[in-house]
Amino acid sequence: MYNREVAFCKVYSHESKDKLEKLFLANRISYFIEWQDKSFIQRLIKRESGKEKNVFIIRINEADVERARELVQGIESVKIRKADNANK
């Protein structure tokens, strides 16, 4: 059976990303992390405000989505993507 990779969630802090990575590794869920690119205007505004915020998109195999949903409940700075737009 062929399973494909889906955009599972967005993570808004390095600490939460690290916690999520350890959780997925411990539970044998393979993942891929994408850095979300920021536009020039977004980078300029963040630099002026002094608040640089990284956004990571975590991609996993669609067969692991339900198990991963249960595991990430309660982790701060993690927003699970809805199933209907998970591939976007």
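Two strands count as paired where DSSP finds at least two bridges between them. Helices (H or I, at least four residues) and strands (E, at least two) are DSSP runs numbered from the N terminus. The model is predicted: local features need pLDDT of at least 70, side-chain atom pairs count only at pLDDT 80 or more, and totals for chains, interfaces and linings use all residues. Residues are numbered from 1 along each chain as its sequence is written, and side-chain values use heavy atoms, with hydrogens and water left out.

**View A. The sheet is open and has four strands in the order S2-S3-S1-S4.** The pairing is antiparallel. Strand S2 (31–35) and strand S4 (78–80) are the edge strands, each pairing on one side only. On average, neighbouring strands are turned by 30 degrees against each other, direction ignored; axes are lines fitted to C-alpha atoms, for helices over the stretch in contact, and angles run from 0 to 180 degrees between N-to-C directions.

**View B. Strands S2 and S3 run antiparallel.** Five bridges join S2 to strand S3 (residues 56–61). Ile33 has Ile58 in S3 as its bridge partner.

**View D. The largest nonpolar core has 15 residues.** Such a core is a set of buried Ala, Val, Leu, Ile, Met, Phe, Trp, Tyr and Cys residues joined through side-chain atoms within 4.5 Å. Among the residues with the most contacts inside this core are Phe8, Leu20, Phe24 and Ile58. S1, H1, S3 and H3 are the elements that give two or more residues to the core, and S1 gives the most, with four. Leaving aside neighbours within four places in sequence, the contacts of Phe8 include Phe24, Ile60, Ala68 and Ile80.

**View E. Ring pairs link Phe8, Phe24 and Tyr31 into a cluster.** Rings of Phe, Tyr and Trp (its six-membered ring) pair if their centres lie within 6.5 Å; planes under 30 degrees apart count as stacked, over 60 as edge-to-face and the rest as tilted. Phe24 and Tyr31 form a tilted pair, with 6.1 Å centre to centre and 50 degrees between the planes. Phe24 counts as buried because its relative accessibility is 1%, whereas Tyr31, at 26%, counts as partly exposed; buried means under 20% relative accessible area, exposed over 50%, and partly exposed in between (1.4 Å probe, protein chains only).

Notes
Contact = heavy atoms within 4.5 Å.
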